[in-house]
Every structure is written in C-alpha cells, then in structure tokens.
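Me: I would like to go through the labels used for this structure and ask what each one rests on. Please set the values against the cut-offs.

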Amino acid sequence: MIEVGSRRRNQPAPPHAIFEALVEPDRDPTRPWLLLLDDEQRPEVVEADEPVLVVWSSLWKRRPDARIRFELPRDRSGFGTDLRWLLLVDEPPPDASLLGHMRRRINELVNARLRYTFGQ
C-alpha cells in the first residue's frame with residue numbers, strides 16, 4: 001500500500017477516549033459523529049492496539065482497498081492526543097478529484113465532528 005495523505009492534529013481528549021470513539025463510533029448515541037455520505041460505507045476495525053493505534057477499512061465504495069490508520073500518541077500536556085491519520089491505498093492512486101474528496105472527508109469526520117464531541 002502507498003500513503004496518499006496524512007495529517008496530524010491535536011485532540012483535546014486522551015488517547016484511550018479517542019481510541020474508544022474510533023473503535024465504537026456509535027458508543028454515545030447522543031453525540032453522533034460518524035455521519036456518512038451516500039458514496040461511503042461504515043468502516044470496520046481491521047487492526048487495533050489499545051490505546052495507540054486503530055486501522056479502519058475503507059469508507060469509500062469506489063476504493064474498497066483504502067485503509068485509514070490512526071496513530072494516537074499522548075500530547076505534550078499529557079491530557080490530549082496528537083492524532084495522526086494516514087490514508088493508504090493500493091496502486092494506482094486515486095485521481096486528484098477523488099483523492100481530494102477522501103482527504104477532506106477524513107478531516108471533516110475526525111478533525112471536526114469527532115473533535116466537537118469532546119467539546120472543542
């Protein structure tokens with residue numbers, strides 16, 4: 001697999017909380033964050049190492065080979081998480097339009113919607 005995107009951003013919650021949210025996105029029905037579009041499918045956890053790593057299967061029906069790897073190190077404060085996601089795909093890489101869509105959606109879901117569930 002090749003890496004076609006990544007981003008690191010601080011999350012206010014500690015790694016164990018982010019890990020739980022990624023492994024069980026529907027754990028708190030009062031704060032849904034994994035809201036999928038028509039071209040997306042619910043990912044499965046294909047690898048997990050609590051509380052530092054989660055790997056999802058693809059969100060996209062058009063690219064079932066894609067994987068999203070979440071690295072969850074504790075931040076410098078000791079209270080939050082410096083979450084890094086990596087988008088991995090088989091060759092050939094997606095065209096520029098689809099790749100932009102895939103990266104944007106990960107950012108929206110993780111660095112906006114998930115982040116907001118923790119009050120940020």
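Reply: A polar contact is a pair of N or O atoms within 3.5 Å, where one must be able to donate a hydrogen and the other to accept it. The model discussed here is predicted.

Me: What joins the side chains of Asn-111 and Gln-11?

Reply: A polar contact of 3.5 Å joins these two side chains. The limit for such a contact is within 3.5 Å, so the pair of Asn-111 and Gln-11 counts. Asn-111 sits in helix H2.

Me: How do you know whether Thr-81 is buried or exposed?

Reply: The relative accessibility of Thr-81 is 0%, and the limit for buried is under 20%, so Thr-81 counts as buried. Thr-81 belongs to strand E5. A polar atom of the side chain of Thr-81 lies 3.5 Å from the backbone oxygen of Pro-14. Leaving aside neighbours within four places in sequence, the residues in contact with Thr-81 include Arg-9, Asn-10, Gln-11, Pro-14, Ile-18 and Leu-72.

Me: What makes Gly-119 count as buried or exposed?

Reply: Exposed means over 50%. Gly-119 has 62% relative accessibility, so Gly-119 counts as exposed. Gly-119 is in the segment after H2. The C-alpha atoms of Gly-119 and Pro-14 are separated by 13 Å, and these residues are 105 residues apart along the chain.

Me: Which residues of helix H1 are buried, and what covers them?

Reply: Helix H1 covers residues 15-23, and its buried residues are Pro-15, Ala-17, Ile-18, Phe-19, Ala-21 and Leu-22. The cover over these buried residues includes strands E1 (2-11), E2 (45-49), E3 (53-56), E4 (67-71) and E5 (81-89), together with helix H2 (96-117).

Me: How many cavities of 30 Å³ or more does the structure hold?

Reply: The structure holds 1 cavity of 30 Å³ or more. The largest cavity has a volume of about 70 Å³.

Me: What lines the largest cavity?

Reply: The lining of the largest cavity consists of Ala-21, Glu-24, Pro-25, Arg-27, Asp-28, Arg-31, Trp-33, Leu-114, Thr-117 and Phe-118. By class, the lining residues divide into 5 nonpolar, 1 polar and 4 charged.

Me: How many aromatic pairs are there, and what makes the pair of Trp-33 and Trp-56 stacked?

Reply: The count comes to 2 aromatic pairs. The rings of Trp-33 and Trp-56 are 6.1 Å apart centre to centre, with 15 degrees between the planes. Ring centres must lie within 6.5 Å to pair, and planes under 30 degrees apart count as stacked, so this pair is stacked. Trp-33 is in the loop between H1 and E2 and Trp-56 is in strand E3, so the pair ties together parts that are 23 residues apart in sequence. Trp-33 and Trp-56 are both buried.

Me: Why is the pair of Trp-56 and Phe-70 called edge-to-face?

Reply: Their ring centres are 4.9 Å apart and their planes are at 75 degrees; planes over 60 degrees apart count as edge-to-face, so the label applies. This pair links distant parts of the chain, with Trp-56 in strand E3 and Phe-70 in strand E4, 14 residues apart. Both Trp-56 and Phe-70 are buried. Ring pairs link Trp-33, Trp-56 and Phe-70 into a cluster.

Me: Which peptide bonds are described as cis?

Reply: Among them is the bond joining Glu-50 and Pro-51, with omega about -5 degrees. Pro-51 is in the loop between E2 and E3. The peptide bond from Glu-91 to Pro-92 is also cis, with omega near -5 degrees. Pro-92 is in the loop between E5 and H2. In general, most peptide bonds are trans.

Note on methods: Residues numbered from 1 in each chain as written. Predicted model: local features only at pLDDT ≥ 70, side-chain atom pairs only at ≥ 80, totals over all residues. Heavy atoms only, no water. 1 Å grid on protein atoms, 1.4 Å probe; cavity = no way out; pocket = protein on both sides within 12 Å on 5 of 7 lines; lining within 4 Å. Points joined across faces, edges and corners; volume = space filled by probe spheres on them. Nonpolar A, V, L, I, M, F, W, Y, C, P; charged D, E, K, R; others polar. Buried < 20%, exposed > 50% of the residue type's maximum accessible area, 1.4 Å probe, protein only. Helix = DSSP H or I, 4+ residues; strand = E, 2+ residues; numbered from the N terminus. Contact = heavy atoms within 4.5 Å. Phe/Tyr/Trp six-rings, centres within 6.5 Å; stacked < 30°, edge-to-face > 60°.
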